[in-house]
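Please open the model in your viewer and keep the sequence panel beside it.

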Protein chains: 2
Amino acid sequence: MFEVISGGICAAKGFLAGATHCGIREGSKSNDTAVIYSEVPCTAAAVFTKNRVKASPLLVTKEHLKNGRAQGVIINSKNANACAPDGMANARREAAACAKFLNIPEEDVIVCSTGVIGQRLYVEAIEENLHLLQLKPDGSDEASRAIMTTDTTPKTAAVSFQAGGKTCHMGGICKGSGMIHPNMGTMICMITTDCAVDRELLQALLLEKVNISFNRISVDGDTSTNDTCCILANGMAANQQIKAKTDDGYENLAEALEYLCIQLARKIAADGEGATHLITCKVSGAASEADAEGLAKSVCSSSLVKAAMFGADANWGRIICAMGYSGIVFDPEKVSISFVSDAGRILVCDEGKAVDFDEDLAKKILSEFEVVIEAKVQEGTAQATAWGCDLTYDYVKINGDYRT
Amino acid sequence: MFEVISGGICAAKGFLAGATHCGIREGSKSNDTAVIYSEVPCTAAAVFTKNRVKASPLLVTKEHLKNGRAQGVIINSKNANACAPDGMANARREAAACAKFLNIPEEDVIVCSTGVIGQRLYVEAIEENLHLLQLKPDGSDEASRAIMTTDTTPKTAAVSFQAGGKTCHMGGICKGSGMIHPNMGTMICMITTDCAVDRELLQALLLEKVNISFNRISVDGDTSTNDTCCILANGMAANQQIKAKTDDGYENLAEALEYLCIQLARKIAADGEGATHLITCKVSGAASEADAEGLAKSVCSSSLVKAAMFGADANWGRIICAMGYSGIVFDPEKVSISFVSDAGRILVCDEGKAVDFDEDLAKKILSEFEVVIEAKVQEGTAQATAWGCDLTYDYVKINGDYRT
């Protein structure tokens, strides 16, 4: 049980946010640095990329989160500070600048960077100009915009829920548009809540929900070096701390976090670089949830499926082909595939074979922004959903010359 | 030791080939059916796709090759006969039509199809019109053109080599342009030789060479339902049959086959759908060949690397990122990356960090058709090469509306 509310990352009590232009990249005038602040120290949990190449800020954040506590977050765009000269030193300087600005210990700062890989972060700009930033109780939108790279829209969501007779709030912002094939959190996602919750429980819950949300989206199959998803819980809702799954409020907290993660993940998929369609693939009838997930992710990751979706072409052969090379065991002769959108529903493959279908209706269904691919196998009762986007001219355009 | 010769699939003694227009797809006027014939029965070996969804002709070919013998090959384009109504029956009818035409037993026919998935093969067209086909000693070019789909060039290669004091010949044709991420042979590749060689040895050798050629190319990460690579050896060179790796001629045979497979694989990568660059990634200094291969393939398969190559953008961060998510263990801080082409060589990353480089020279190097990415790790002495192509507007265009 939860309710959708407004306020984004500042929806929870005691959280302020803001952004400013520090001048990290020459020639760019837009805000490039966001800060999030909690009035009191928070219990913090996080998941990070599984990419062997990890950005420096991620390594610094990992160190700082060893004690499970954080109070401030600094996120810069325009530079990923990955494989960059002076990477670790500059990530520490960025965290130190934030600590000084917020007047909190350095180890209570989470630091994240996003942007181009392999160039030195001009951290001096942050050190010199961070004081210009104004923290506000309604600063979520500003912060969410400052962390955008090739994103075309800011991405926020917030909910409220009950725990131990108290109303708790939870909100998040995230960014991500390219290099999206998360394998442990997405590019960057920050979630705040005023719910009081035990750290280990929070970490386990975050991992569980990231696995069925951010880890089920793909824009281009490229797992970033900077993927980070953090949640900060400051306890200001004054509920009795949730310490176990059986405690009052846990179910609501879990539902709220799941909703938030899925909403934010879908927003990333929908805003995939160059995307003109949000593709949802629902696989049912699988032997296990892992099998269903493997099949759904393979479909959403297929370049050929993605290009067909761009063309609104009901080329379902590519869908069954992508299922076939997923590595998951299933009987191809028992597969059925349908396309579903606001314009209707159409069955295009049954028992693994073509069925006659109305191409005009299929075109109409596939021309909607959001298209659902429903694939059924007959191996069991498990199901899973994955999200992606189409492959377009603009993806190629954006990525043919990203650095300039 | 081998020499490059002409003649393609007909370079080896006793092999004839030809093609004709049967009319498999309404409205298309080009040749859609090729036949290859050996004057005497051949020892045959083959490798097939690992996609769980397998095209019907592939299953029929597998049955027919159980006895290790074949004498004729029929390949049709315009329809993959995968997930298609009457798929198995039509694949058998196609093989039967070829057997009748060549006056050989059905089980000595290899049958392959390539084209759209999920539509019924109009096998009646083949049955009615196959008699129009003329087998010729110089029919390789005609056959290689008839099996093209989105290919823009026919793909052939041939070599001669010595075995047991006799001159042997080996030639091949292949096709492939999209849905290329072979996992056991490419789309379709046929190789012929007049060398006498034991079947089990030939099968093992084919597998070995396919693994370092076709299985190291990627156009779009999509492993096809129809991948088939066959070799036919008719023994007409009259060399003493090669039965063991220590036999005279084995080394030459192995070198010849490796050269042929790599040449044909490179031609597929170079003619990837929409490609404007052939990308070669050489990884050295790896702990094992499998590690080097995993790293090289991850780089060649990355959408972001491919898009950067299209833009001739020296965005090496994407290369180290793709290495990072390959699943292979290495120390990112010991990676160096260079770009090499006919226009020169440039180091862009050393010890895992950016180095200052001349962007103009990098642009020049990356503007050549063939670009080599050299990545060195410091884990051992193993190396491997993989091939791919860039990701372009035309890839999206071709695949946005493939069926019409």
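Select M190 of chain B first, and then its bridge partner in β10(B), which is C230(B). The model is predicted, so local features need pLDDT of at least 70 and side-chain atom pairs count only at pLDDT 80 or more, while totals for chains, interfaces and linings use all residues. Residues are numbered from 1 along each chain as its sequence is written, and chains are lettered from A and ligands numbered from 1 in the order in which they are written.

Next select strand β3 (residues 33-48) of chain B, which pairs with β10(B) in the antiparallel sense over six bridges, and look at V47(B), which stands opposite C229(B).

Now colour β10(B) itself, residues 228-233: six of its six residues are buried, so the strand is largely enclosed by the rest of the structure. Buried means that 20 or more other C-beta atoms, placed from the backbone, lie within 10 Å of the residue's own. T228(B), C230(B) and L232(B) point one way, whereas C229(B), I231(B) and A233(B) point the other way.

Finally, move to chain A and select domain 1 (3-270) and domain 2 (278-400), whose bounds come from an automatic or database domain assignment. Their centres, taken over C-alpha atoms, are separated by 32 Å.

Definitions and conventions:
Buried ≥ 20, exposed ≤ 12 C-beta atoms within 10 Å, placed from the backbone. Helix = DSSP H or I, 4+ residues; strand = E, 2+ residues; numbered from the N terminus. Pairing = 2+ DSSP bridges.
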